[in-house]
Amino acid sequence: MKAKSYYINTYGCQMNVHESEKMGGILSDRGFIQADSIEEANIIIYNTCCVRNTAETKVFGHLGRAKKLKELNKDIKIILCGCMSQQEGEAQNIIKKYPFIDIIIGTHNIMMLGDYLDKTKFIEVWKEAKIDREIDIKPRRERSVNAWINIMYGCNNFCSYCIVPFVRGRERSRGANEILDEIKNVLDNGYNEITLLGQNVNSYKYEDIDFKSLLEKIRDIKGKFRLKFLSSHPKDLSLDVIKIISETDNFSKNIHLPIQAGSDRILLLMNRGYMIKDYLNKVDIMKKFMPDLGLSTDIMVGFPSETEEEFLDTMNLINQVKFDNIFSFIYNRRSGTVADKMSGQISREIKIDRIQRLIKKQNEIGGQKAKECVDKKFEVLVEFQKGNKCIGKTDNGKPVSFESEDNVFNKFVDIKIIETKNTGLIGKPI
Ligand code: SAM
Ligand code: SF4
Ligand code: F3S
């Protein structure tokens, strides 16, 4: 008999990517194998995101495929989970519109997936998290270079535009020993990169261990590896944390520090808890301690009441800081958030115009920054190799492509940058 198989469609952030790995772990433990394509699967999962409506539209667009497959074989299980279904009342709306879905669960009860598999027309969305169950799951990791590891869940910040605190609950930190054991375990299993996950890793706190002391414990782990974390909040990134990163070879010098906007008035309306001068001060400190810092950020355009001048403040800011990479977003209204009720919502045309100008400017900056890397040497961890074509990342997060006759996948290779292509780096092994 053919083994039972599953296929997971994942939307949204790394948190969701890793949660799909955890669901993969639950299903593997029950004897399921991963299907190569959605058509071959007995269980089809949609692990959803609702941070912007583009993420939601994608899921609804893809559900048509599941409907067709269900019509051909009624024994297929269609499961929808994640942030979209965690929104108040949303699971009921979804099942009404898409009655072929068998199971809907939220973000707080994915660990129960195995117990729900036999159910149909089943909705269970827990209002709150139960941390002790969240950490029990052993993921089935999809990548072989980088391992995601949760250090905390949820968010307490309530940025006025953001749905995440509503669908992920309040901050809960994992025990330091469990985190350290998981790190040692993935390193023993050949992973060379670890990314610690949390919506605001800087507010990690378990008993008397804060983020700095967690990093100190990770620093003491023997052997060579690369440690990254996502995301840092500018209001909580401390000097102690900057120092320990700068002093530790195994800690990546690529920091992702979302600024969101270049105007103090907009930052205040966003409830971000810092001002531009505070952010710039932290960037100066980071650059002082880490001259080779690679800095990336998130920026949102078209927040309610953002004027052209305030948008130009954001443009000036990116020109001043010269980020290596920017993840730029058009502000989306999210029901239930404070910003959704603000006056001065910006038209779609203006938002599109602003994001296009922002991307164009950043491409110029990225191109200049790439050129500055020519003739420099970097240690690159190789994430992809097909034949002699290789792609990897430098310690400060820059993607580099190069050729190698040797098998260098998942290895650290010393590379000299010889040329650039737009914002990308091309190098050769030294
Ligand atoms: N916790 C992280 C932080 O504060 O940096 C960010 C997590 S959020 C999933 C990733 C990014 O999505 C945010 O930094 C923000 O730029 C963007 N985002 C969040 N809500 C949004 C909204 N309503 N519209 C557009 N972009 C949004
Ligand atoms: Fe959303 Fe702000 Fe929390 Fe990040 S810190 S997840 S942007 S509320
Ligand atoms: Fe992530 Fe989207 Fe949820 S960004 S936390 S999957 S709303």
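**Exercise 1. List the residues around ligand 2 and divide them by class.**

Step 1. Around ligand 2 stand C155, N157, F158, C159, Y161, C162, V164, P165, Q199, H233 and R272. A residue qualifies if one of its heavy atoms lies within 4 Å.

Step 2. This shell divides into seven nonpolar, three polar and one charged residues. Nonpolar covers Ala, Val, Leu, Ile, Met, Phe, Trp, Tyr, Cys and Pro; charged covers Asp, Glu, Lys and Arg; the others, Gly among them, are polar.

The model is predicted: local features need pLDDT of at least 70, side-chain atom pairs count only at pLDDT 80 or more, and totals for chains, interfaces and linings use all residues. Residues are numbered from 1 along each chain as its sequence is written, chains are lettered from A and ligands numbered from 1 in written order, and side-chain values use heavy atoms, without hydrogens and water.

**Exercise 2. Find the bridge partners of strand β15 and follow the chain to β16.**

Step 1. Strands (E, at least two residues) and helices (H or I, at least four) are DSSP runs, numbered from the N terminus. Strands pair if DSSP finds at least two bridges between them.

Step 2. β14 (residues 254-256) pairs with β15 in the parallel sense over three bridges. I255 stands opposite L295.

Step 3. Six bridges join β15 to β16 (residues 325-330), also in parallel. T297 has I326 as its bridge partner in β16.

Step 4. From β15 the chain passes through helix α13 (residues 308-321) to β16, a right-handed β-α-β crossover. Right-handed means that, with the strands pointing away from the viewer, the path from the first strand over the helix to the second runs clockwise.
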